[in-house]
Amino acid sequence: MTDEMKRVVIVGSGDGGTFTANLLASKLRKEIKGGLVSVQLVGEHLLHPFQPGNLDIAFKGAVPDKYVRAETDLIRKGVEFIKDPAVKIDFSARSVATKSGRTLPYDYLVIATGAVADPSKIQGLAEGALNFHTGGADSRRVWEALQSFEGGTIVVAIAGTPHKCPPSPNEAAFMLDEFFQKRGTRGKVKIRFLTPYPRPYPAEKVSHVVEPMFQKKGIDVVTFFNVDSVDPAKHKIYSLEGEAFDYDLLIAVPPHHGADVIVNSGIGDQDGYVPTDKGTMRVVGQEGAYCIGDATTIPVSKSGVVAHLQSVVVAHNIIAEMNRAKGLLEYNGRINCPMEVGNHKGIFVSATYTSPPVDQSPSTVKYYMKRSFAMIYWRALGGGLERVFDVFFGQTRFPATEKEEPEKTAVAPVASQGGKREA
Ligand SMILES: Cc1cc2nc3c(=O)[nH]c(=O)nc-3n(C[C@H](O)[C@H](O)[C@H](O)COP(=O)(O)OP(=O)(O)OC[C@H]3O[C@@H](n4cnc5c(N)ncnc54)[C@H](O)[C@@H]3O)c2cc1C
C-alpha cells in the first residue's frame, strides 16, 4: 500500500453496508489508525432495523422496537458514520454528494443502498393493502388488523418481483394459518395466495415442500397472477391476465425498485438496480466501485445472507486492490433463505450459481436455526461470527480464475478464507 491515504466510501448503512464497513475497519485497523485509510459509511437513518423481524411483528405481535438498534452502536471504531443521505454518485468524478451539500471523494466505493418496497407502483395497492415489507410500523398494522378479523377471506399477494426475502409471502400464509388455528377461528377464515409464478414457490424443489403443506392447511393457491390493480372500495384485486378476487383483508408484497440515489445518478438499470459482476461484485465497467446486496442486478435472492457473503468478497477485493494484489475473490452465488412453515417447523432455500435447491423436509431444528438468526444478527454485523458463518455456509467465495496469486501485500489478505468452488 502506498503512503497516500485511500478513501473508502460506503453508501447505505443497512445489513451489507454496515458489515462491509466493520470488516474493513477490523482488517485495516492499523492503516486506519496510521491515517493511510479512511472508511466512511453514509446512511439515511440513525436506527438500523433487523428486517426479518417484520414477520414476527406482523404475525406474532412482536413490538417493532425489539428489532431496531442505533447504528452508532453497531459500527466498529475506525468507521466514520455520516448520517446524511447520498443524493448523487458520480463515477467519473469518483465522488458521492450528500443531501447537506458535502462531497465525499473516494478511491473505493461500495454501493449498499438496498431495495425499496413501493406500494405506490400499483394502482390502489397503497390504499387497499397492508404489507410487512416497508418497515416495522406497517408490519404492526397487519397485526392490528388481525386482532379484529373475525372471519372472511384474507388474500396474500405477490405484487411484484424480485422482492426482498423470496420465502416471506409463503411464510406469511403459513403464519396466518397458525395465527387463526391458535385463536380457534381458522374455520371462519379463507386464505388465498396469489403468485405470478407457476407454482407456490418459484424453485420447483422448494415448491415440492410448500404445495402439499398449503393443500393440507387449506391455503388456496392461484398461480400466474400478475397484480394489475386493486380497488379498495370494492375490495377486489385484479390481474393482468384478467382474473379478479374479492378480499376482506389484503396483505401484499409491494413491487420493489432500487434506491432513488441510483435512479437519480443514472447508474442503474430500468428498475434502479446497479449492474454488478456476479463474481467480483464490481460495478460493471467502473474502476474501484463495488455493489452488494439488494442493490445489485444479480439474479439471486434479495436477502441479508447474500449481502453478508458478498460483503466478505468486497472487503477482500478492496484490500487486494489497495495492495495492488491480483488475488481477487469471487462470490459463488450462495443463498440461504429460511422459511417458517408453521407448527415450529422450517426449511432453508439453499443454492449456489451451480447447484439449485434440493429436496428436503421441514424440521424443528431448521425452525430454531431461523429464529436464532434474530439473536446473532447484531453480533454478525460486527464481524465477530465469521468462523461460524464459514462452517455453516461452507466455502462461499473462491479465487477469481483469471487472476494470479497476490503480490507481496502490506495488508493480510482474506484469501485464506477463500477456497474451492462449492460442489
Ligand atoms: C419481511 C422480510 C423478511 C426477511 N427475512 C430475511 C431472512 O429471513 N433472511 C435473510 O437473509 N434476509 C431476509 N430479509 C431480507 C434482508 O433484510 C435484506 O435482503 C437485507 O437487509 C439486504 O441488505 P442490504 O444491505 O442490501 O440492504 P438494506 O439492509 O435494506 O440496507 C440498505 C440501506 O441503504 C440505505 N440507503 C438507501 N438510499 C440511501 C441513500 N441515498 N443514502 C444513504 N443511504 C441510503 C437505506 O436507508 C438502508 O439503510 C427479509 C426482508 C424482509 C422485508
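**Strands, core and confidence**

Strand 1 (residues 6–11) and strand 2 run parallel and are joined by six bridges; strands here are DSSP runs (E, at least two residues; helices are H or I, at least four), numbered from the N terminus. Two strands pair if DSSP finds at least two bridges between them. This is a predicted model, where local features need pLDDT of at least 70, side-chain atom pairs count only at pLDDT 80 or more, and totals for chains, interfaces and linings use all residues. Residues are numbered from 1 along each chain as its sequence is written.

**Around strand 2**
- Opposite Arg7 you will find Ser38 in strand 2.
- Strand 2 also runs parallel to strand 5 (residues 79–83), with five bridges between them, and Val42 stands opposite Ile82 there.
- Strand 2 (residues 37–43) is largely enclosed by the rest of the structure, because six of its seven residues are buried (20 or more other C-beta atoms within 10 Å of a residue's own, with C-beta atoms placed from the backbone).

**The largest nonpolar core**
- This core has 124 residues, and Ile111, Ala157 and Ala295 have the most contacts inside it. A nonpolar core is a set of buried Ala, Val, Leu, Ile, Met, Phe, Trp, Tyr and Cys residues joined through C-beta atoms within 7 Å.
- Helix 9 (residues 304–322) gives the most to this core, with 12 residues.

**How confident is the model?**
- The protein chain averages a pLDDT of 92, and 93% of the residues score at least 70; pLDDT is the predictor's confidence in each residue, from 0 to 100.

Notes
Buried ≥ 20, exposed ≤ 12 C-beta atoms within 10 Å, placed from the backbone.
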